[in-house]
Amino acid sequence: MNQHFVPRVYLKNFATKVRKEYFINTFDKKDKKYFKPNIRNICSEINFYTLQKNTSIERDILAIEKIYSDSIEPMYSRAYEILTNNEIFDITNKQRMEILLAVLHLHMRNPKILKRALSHHNKEISNLYTEAITKGKKGLSYLDEDFSFREWTLKSIIDYFSENTTNEFKNKHLATTRNILDFHQFAKIEVNITKGDSFFLTSDNPLGLEDFINKREEPFLKSTEFILPLNRKFAVKLYHDNTQGINVIKRGFIPNGNVNMINEIIFRQSSRFVFGEKSDFDQYQETQDFLNEDSFELRIDAIKQVLELVESKVNLDTRESYNVLKDYYAKYINQGFMSHDDEQEMLHKFRALSIAFRSKKII
C-alpha cells in the first residue's frame with residue numbers, strides 16, 4: 001500500500017489544481033532538475049506505516065494509516081484554516097492542542113528519523129565488525145546482544161537490527177509523537193506572513209527544527225523552534241516564551257530576509273525534494289549565492305542596514321545587542337578596517353547575548 005509520509009492535505013496547499021488532481025513544482029536536489037508530479041506520486045513509500053501481523057501494539061496492520069487519514073489529517077485541515085485566517089488571534093484549549101498536534105506529528109511521521117537511526121546502527125556495527133576481524137575475534141556484541149561469526153555475517157547482523165529498528169519505529173512513533181506533544185504543550189504559536197516578493201518553500205521534510213542555543217535537531221528541548229511553511233505566504237512557528245500567553249496566535253509580516261532564513265532551514269533539512277514555484281526557488285538561490293560571497297564589505301553594509309533599521313526600536317531586551325553592533329561598526333569607521341579577530345569577537349559577543357536572551361524566555 002502506498003502511504004504518504006508528507007500528507008496530500010499538506011502538499012496541496014503548494015500545488016496547482018488541475019480538474020480534481022494536484023500537481024506540485026519540485027526541485028530534485030540529487031539530480032539537479034525540476035519536474036511537476038501529481039502529489040499522489042511523491043513523498044510516499046510502500047507500507048511505510050504498515051505493521052507486522054498480530055503485533056502487541058495493534059492487530060490491524062493498517063491502524064496507523066487509519067489514524068492519520070481519519071483523525072490527524074482532518075485535524076490538520078482545521079488547524080490550517082485557523083492559522084491562515086488573519087482575523088483569528090484568540091483560540092480555545094482544544095484548538096491550540098489540535099494546532100500543536102497537526103504541526104508536530106510531521107516530525108516522527110517522516111522517514112528521515114528512521115533512516116538516521118538505521119544509518120547510525122549500520123555504522124556502529126560495521127566499525128565493531130572491522131575491529132573484531134582485525135583483532136581475530138570470533139564474534140561481536142552490540143546493544144547487549146552477542147553474535148558469533150560462525151552463524152552471523154556482517155550483512156545478517158545489520159539486517160537483524162534494521163528489521164528490529166524499523167518495527168520499533170512503526171510501533172512506537174505515534175507514542176513518541178504524543179510525548180513530543182506533551183513536552184511542548186505550552187509552546188507559543190506564531191504565524192509569519194510574507195511581506196514583499198519572497199515566498200516560502202517546503203520540502204519532503206517540511207517541519208524544520210532550529211535550536212539557536214544548542215545547535216541540534218532535537219525535539220525534546222525547550223530551546224527548539226519548530227517551523228512549518230503552510231503555503232507560499234504563511235508559515236507557523238512553535239517555540240517556548242514565558243512572556244506570551246498560550247491561547248493566542250501571534251501574527252506578523254516578515255521581510256524578505258526572514259523568509260530566506262526560513263527557506264534556508266527547509267532546504268538544508270530536506271532529504272531530496274524541495275517544493276515551490278520555480279521563480280521562488282530561483283530567488284532563494286540568488287539570495288544564497290549573494291550571502292555566500294566572501295565579501296567583508298557586504299557584511300559591513302548589512303550591519304549598517306541593521307543599525308539604521310532598529311535604531312528607533314531599541315528596547316531593554318535589544319539594547320545590548322544593538323550596542324555591540326554599534327561599537328564594532330564605529331571601530332570599523334574610525335580605523336577604516338576591521339580585523340578578523342575583531343569580527344570574530346563581535347560575532348561571539350552577539351551570539352552570547354542572543355543565547356542569554358532566548359534562554360531567559362524559556363526558563
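Visitor: What makes two strands a pair?

Guide: Two strands pair if DSSP finds at least two bridges between them. Strands are DSSP runs of E with at least two residues, helices are runs of H or I with at least four, and both are numbered from the N terminus. Strands of a sheet pair through backbone hydrogen bonds, either parallel or antiparallel. Here, β9 (residues 188-194) and β13 (residues 234-239) run antiparallel and are joined by six bridges. Glu 190 stands opposite Lys 237 in β13.

Visitor: What kind of model is this?

Guide: This is a predicted model, where local features need pLDDT of at least 70, side-chain atom pairs count only at pLDDT 80 or more, and totals for chains, interfaces and linings use all residues. Residues are numbered from 1 along each chain as its sequence is written, and side-chain values use heavy atoms, with hydrogens and water left out.

Visitor: In what order do the strands of the sheet lie?

Guide: The order is β11-β12-β13-β9-β14, five strands in an open sheet with mixed pairing. From one strand to the next, the twist averages 25°.

Visitor: Which strands does helix α2 lie across?

Guide: Contact means heavy atoms within 4.5 Å. Axes are lines fitted to C-alpha atoms, for helices over the stretch in contact, and angles run from 0 to 180 degrees between N-to-C directions. Helix α2 (residues 63-83) lies across β9, β12 (225-229), β13 and β14, at about 60° to β14. Helix α6 (residues 256-269) lies across β9, β11, β12 and β14, at about 110° to β11.

Visitor: What span should α6 have?

Guide: The expected span is 1.5 Å times one less than the number of residues. The 14 residues of α6 should span 20 Å, and its end C-alpha atoms are 20 Å apart, which agrees.

Visitor: Which residues of α6 are buried?

Guide: Buried means under 20% relative accessible area, exposed over 50%, partly exposed in between (1.4 Å probe, protein chains only). The buried residues of α6 include Val 259, Ile 262, Ile 266 and Phe 267.

Visitor: What is the phi of Cys 43?

Guide: Most residues other than glycine have a negative phi. Cys 43 has a positive one, about 60°. Cys 43 sits in the loop between β5 (33-35) and β6 (44-46). Its relative accessibility is 5%, so Cys 43 counts as buried. Asn 47 also has a positive phi, near 55°. Asn 47 is in the loop between β6 and α2. At 32% relative accessibility, Asn 47 counts as partly exposed.
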